[in-house]
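Please load the model in the viewer and keep the selection panel open.

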Amino acid sequence: MKKTIIVLFIITFVFEITISSILFNKIKTIKQDTIKINECVKSIENNYGNPNAYGKDLEYTIIDNENNIVYKTDNSKSNSLNKAIENNDIILDLKVNDMIVGKIFIKNDINDLINNYKKKLYMTIIIISFIQLLLIIIYQIYLNNHIVKPFNDLNNFALRVASGNLDIPLYMDKNHLFGHFTEAFDLMRSELKKSRINEKRANDAKKEMVLKLSHDIKTPIASIKSTSEIGYEKASDDIVKNYFNQINIKTDQVKLLVDNLFNSSISDINEIEVKPSKYDADILSKLIKNADYLNKLNEFTIPQCHIYIDKVRMQQVFDNIINNSYKYAKTNIDIKIIKEDEYLKIIFRDYGPGVDEYDLPFLKDKYKRGSNVKDEDGAGLGLYLVNYFMQNMNGMLDIKNSNPGFEVIVYIRII
């Protein structure tokens with residue numbers, strides 16, 4: 001299509017130049033038809049006094065020697081010699097039997113012909129320019145749909161991958177310029193996601209091993225401590241008592257180290273930096289639409305206010321909420337945005353099966369997932385991170401079952 005539009009534009013440009021050149025040259029070569037003028041004058045002279053026999057091919061006026069109009073065609077505009085001179089008409093003597101009996105004012109058609117060709121030239125330029133403008137608009141639309149928009153989609157996708165969001169796929173359309181890049185980018189996302197899952201499995205295995213070892217170590221440590229305490233109580237020698245006391249002290253130190261190891265093994269998510277600042281609430285529209293890549297949200301309006309958010313983390317919040325609905329509900333999503341006290345309240349509702357009421361209180365915890373979603377891949381970190389981000393932006397997160405469906409409510413601080 002790109003080549004077709006360019007070829008059409010070149011053809012119209014060449015056509016415009018060609019037609020304009022022809023008309024322009026035509027204008028330069030316009031002149032009165034002297035043969036027709038001579039024939040008309042001859043006809044008048046031979047039939048003077050008989051107007052019905054005069055030539056009718058030209059527009060003219062005949063006056064006698066006293067400047068009286070003898071004959072005048074319908075479209076002739078000259079009624080006197082002065083008027084004929086003013087109109088730039090052709091002025092000829094009228095001779096009958098070699099005697100001058102008057103004058104003939106023949107209308108000069110050159111200006112009319114020039115104006116006619118000028119109109120044609122202008123109309124040609126206007127029509128072809130309109131066609132060229134239309135081609136430019138079509139080409140601009142083509143560039144936007146096949147280059148600018150796909151590039152922006154790739155850019156947004158790269159930003160999401162860079163921020164760690166690997167769940168949202170990139171829509172693949174091989175018809176535009178970046179089609180093959182789109183496929184490669186999404187393949188990269190899939191491989192990164194697999195690597196992250198494998199890495200998590202390896203870390204989980206290590207964590208489980210540490211948990212088991214730390215648990216197993218606690219039992220012999222407790223036995224050593226209890227034995228040393230009994231030995232301390234029964235020993236009568238101060239030196240022996242001191243040995244047993246040292247054993248107790250060292251046992252407490254080992255127990256403390258084991259407890260620290262146990263606690264660190266269940267906290268494998270490092271603190272994520274959140275830097276909120278003031279934004280106009282209109283920014284939420286772009287963030288929400290970026291997350292809704294399947295276009296399952298209804299239309300929504302955002303009340304005018306200023307909010308306190310981290311733009312990057314807020315994008316991750318919407319990505320996680322909407323992607324969860326895509327993955328587990330697979331329905332359209334209703335969204336409603338209202339002001340409520342010092343918060344901007346955003347309600348996302350899908351029409352899926354919801355979650356078990358028993359699981360609901362734990363979904364915001366780390367590694368917690370609903371018991372009815374075991375067939376879908378996931379780490380159980382989505383709502384945990386959403387809750388973490390909202391708390392660090394002075395907001396809140398609420399979740400509940402609807403009838404039917406599931407609701408996620410985000411409270412964003414208004415400032």
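The model is predicted, so local features need pLDDT of at least 70 and side-chain atom pairs count only at pLDDT 80 or more, whereas totals for chains, interfaces and linings use all residues. Residues are numbered from 1 along each chain as its sequence is written, and side-chain values use heavy atoms, with hydrogens and water left out.

Switch to a surface next. The protein exposes about 25800 Å², of which carbon and sulfur atoms supply 56% (Shrake-Rupley method, 1.4 Å probe). Of the 415 residues, 36% count as buried, where buried means under 20% relative accessible area and exposed over 50%, with a 1.4 Å probe and protein chains only.

Select helix H7, residues 283–291. Which residues of H7 are buried? They are Ile-283, Leu-284, Leu-287, Ile-288 and Ala-291. These residues lie on the same side of H7 because they cover an arc of only 125 degrees around the axis, taken from the directions from the helix axis to the C-beta atoms. On the other side of H7, Lys-286 and Lys-289 are exposed.

Now display the largest nonpolar core, which has 42 residues; such a core is a set of buried Ala, Val, Leu, Ile, Met, Phe, Trp, Tyr and Cys residues joined through side-chain atoms within 4.5 Å. Leu-284, Met-314, Val-317 and Phe-348 are among the residues with the most contacts inside this core. Elements giving two or more residues to it include H7, helix H8 (311–329) and strand S10 (406–413), and helix H9 gives the most, with seven residues.

Centre the view on Met-314. Leaving aside neighbours within four places in sequence, Met-314 is in contact (heavy atoms within 4.5 Å) with Leu-284, Leu-287, Ile-309, Met-390, Met-393, Val-410 and Ile-412. Apart from this core lies another, of 12 residues, among them Cys-40, Val-41, Tyr-60 and Ile-104.

Colour the cysteines next. Cys-40 is buried at 6% relative accessible area, and Cys-305 is buried at 9%. A search of the whole structure finds zero disulfides (pairs of cysteine sulfur atoms within 2.5 Å).

Finally, select strands S7 (residues 334–340) and S8 (residues 343–350), which run antiparallel and are joined by seven bridges; strands pair if DSSP finds at least two bridges between them. Lys-336 has Ile-347 in S8 as its bridge partner. In this hairpin, with two residues between the strands, Asp-341 takes a positive phi near 55 degrees.

Terms used: Helices (H or I, at least four residues) and strands (E, at least two) are DSSP runs, numbered from the N terminus.
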